[in-house]
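Hi,

Here is the structure I promised to pass on. Have a look at it first, and my notes follow below.

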Amino acid sequence: MKKALITGITGQDGAYLAEFLLEKGYEVHGIKRRSSLFNTQRVDHLYRDPHEEDVRFLMHYGDLTDATNLTRIIQEVQPDEVYNLAAQSHVKVSFESPEYTANTDALGTLRMLEAIRLLGLTDKTRIYQASTSELYGKVQEVPQSETTPFYPRSPYAVAKLYAFWITVNYREAYNIFGCNGILFNHESPIRGETFVTRKITRAAARIVLGLEKNLFLGNLGALRDWGHAKDFVRAQWLILQQDKPEDFVIATGEQHSVREFCDLAFREVGIELRWEGEGLEEKGIIAKYQPTPIVQSCLQRIGKNVSLSEGDVLVSVDPRYFRPTEVESLLGDPTKSREKLGWTPEISFPEMVTEMVAFDVREASRESICVHNGFGLPGSCEAFM
Ligand code: NDP
Ligand code: GDR
């Protein structure tokens, strides 16, 4: 039985990858940070009491900033494959915590590679590094491929640049089977709530169910190549199954704007948006509203009327969400991954938006029922990222 070790197991990709590898028959070990509250919601469905027999999903406390701890875990587990997904992964937050981001995202990767090398596991353990399309930043070529030059535009991207090259260097210097997946944005219903897609799908659901009135966003014109996390973790695994270690771009080859994402998400709950104004004055206004059957049934269940009318402003721009340096446009060229890995995405962009909104409508309706019955839920400070 193959053993995999996943850092960042409590994150979006960690959860999908763990599920994928368990289905493939792996024994899956995850590293999670100690936190004062439970933070394993994304993988709780995979958990089995360790006292049972044949448990194949095991967690270890650890942190990418702690080399001795990482080395001990790798020594104990002796993994065949390591997926280094842990990171301070929010671009905007990286401007506020640049040193911590570098410590985790750049030096954390070095610590993982060094642990494999110092433990003499270079012949046994393969390592996948979660590299990113943010490396292209101020893009030098459209679409971006494995040969496009990098131009990082945030402390996050600069830290990931170090991680990219240290992985290449350990491959060349020590023969480690280390690979970078240069992944373009990928989303899902379990995407963190402060990334723009989930922020939008969550707001669309909460607005039609009366839990929120407005959605404030930053750069509506930003263009991204958005895929589904479920497809993208399959590519991570394929990258480590090749005969020789290489780096791959993983992308859909399709591009959409934040504004377009809003249009689709709000349409899923029955709202047609029209856009008026420019720059800071740009607004998303209701052009038409006819609640969809799923929204209608939730409203009935909650026993509530939410009044939304044509002309209501639902989306506004707030400069708080602008970044000091922005990545305006990303579009990946997935030719190499298609030809060498045989990888193509299976979930389309509209299917993904539909799935995300449906999930958030269910979440919002649950919350709405609590609020309506006097069990008010507190707001979240995280909403302000
Ligand atoms: P998430 O933010 O959802 O998950 C990040 C994970 O890293 C969480 O489990 C988090 O733990 C953990 N983590 C953060 N800091 C540390 C630390 N110091 N030590 C140990 N663990 C830590 O990210 P995604 O799942 O979306 O992304 C996975 C990886 O892929 C990241 O490296 C990201 O930068 C990269 N990436 C993501 C893309 C995307 O579009 N999703 C695209 C390209 C690259 P906790 O739950 O405790 O916060
Ligand atoms: P990104 O994702 O920075 O591409 O990094 P994010 O969803 O945060 O932003 C995408 C684009 O949307 C614009 N935007 C907003 N973003 C957020 N978060 N909140 C807003 O209100 C908002 N309004 C507009 C942003 O300016 C940006 O242009 C993600 C992360 O998962 C990284 O870890 C990963 O490496 C890259 O994708 C590929």
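A term to start with: I call a residue buried if 20 or more other C-beta atoms lie within 10 Å of its own, exposed if 12 or fewer do, and partly exposed in between, with C-beta atoms placed from the backbone. Helices (H or I, at least four residues) and strands (E, at least two) are DSSP runs, numbered from the N terminus.

The model is predicted, so local features need pLDDT of at least 70 and side-chain atom pairs count only at pLDDT 80 or more, while totals for chains, interfaces and linings use all residues. Residues are numbered from 1 along each chain as its sequence is written, and chains are lettered from A and ligands numbered from 1 in the order in which they are written.

Helix 8 (residues 258-268) is largely enclosed by the rest of the structure, because 8 of its 11 residues are buried. Among these are Val258, Phe261, Asp263 and Glu268. Gly270, with a positive phi near 100°, follows helix 8.

Now the sheet. Strands count as paired if DSSP finds at least two bridges between them. Seen that way, 7 strands form an open sheet in the order 3-2-1-4-5-6-11, with parallel pairing. Strand 3 (57-61) and strand 11 (248-250) stand at the edges with a single partner strand each, so one side of each has no neighbour in the sheet.

Helix 4 (residues 98-118) lies across strand 4 (81-84), strand 5 (126-132) and strand 6 (177-183), at about 170° to strand 5. Helix 7 (residues 229-240) lies across strands 4, 5, 6 and 11, at about 155° to strand 6.

Some backbone details may interest you too. Val142 and Pro143 are joined by a cis peptide bond, with omega about -10°, and Pro143 sits in the loop between strand 5 and helix 5 (155-174). Asp54, not a glycine, has a positive phi of about 55°; Asp54 counts as exposed because it has 7 C-beta neighbours inside 10 Å.

Best wishes

Conventions: Contact = placed C-beta atoms within 7 Å. Axes fitted to C-alpha atoms, helices over the stretch in contact; angles between N-to-C directions.
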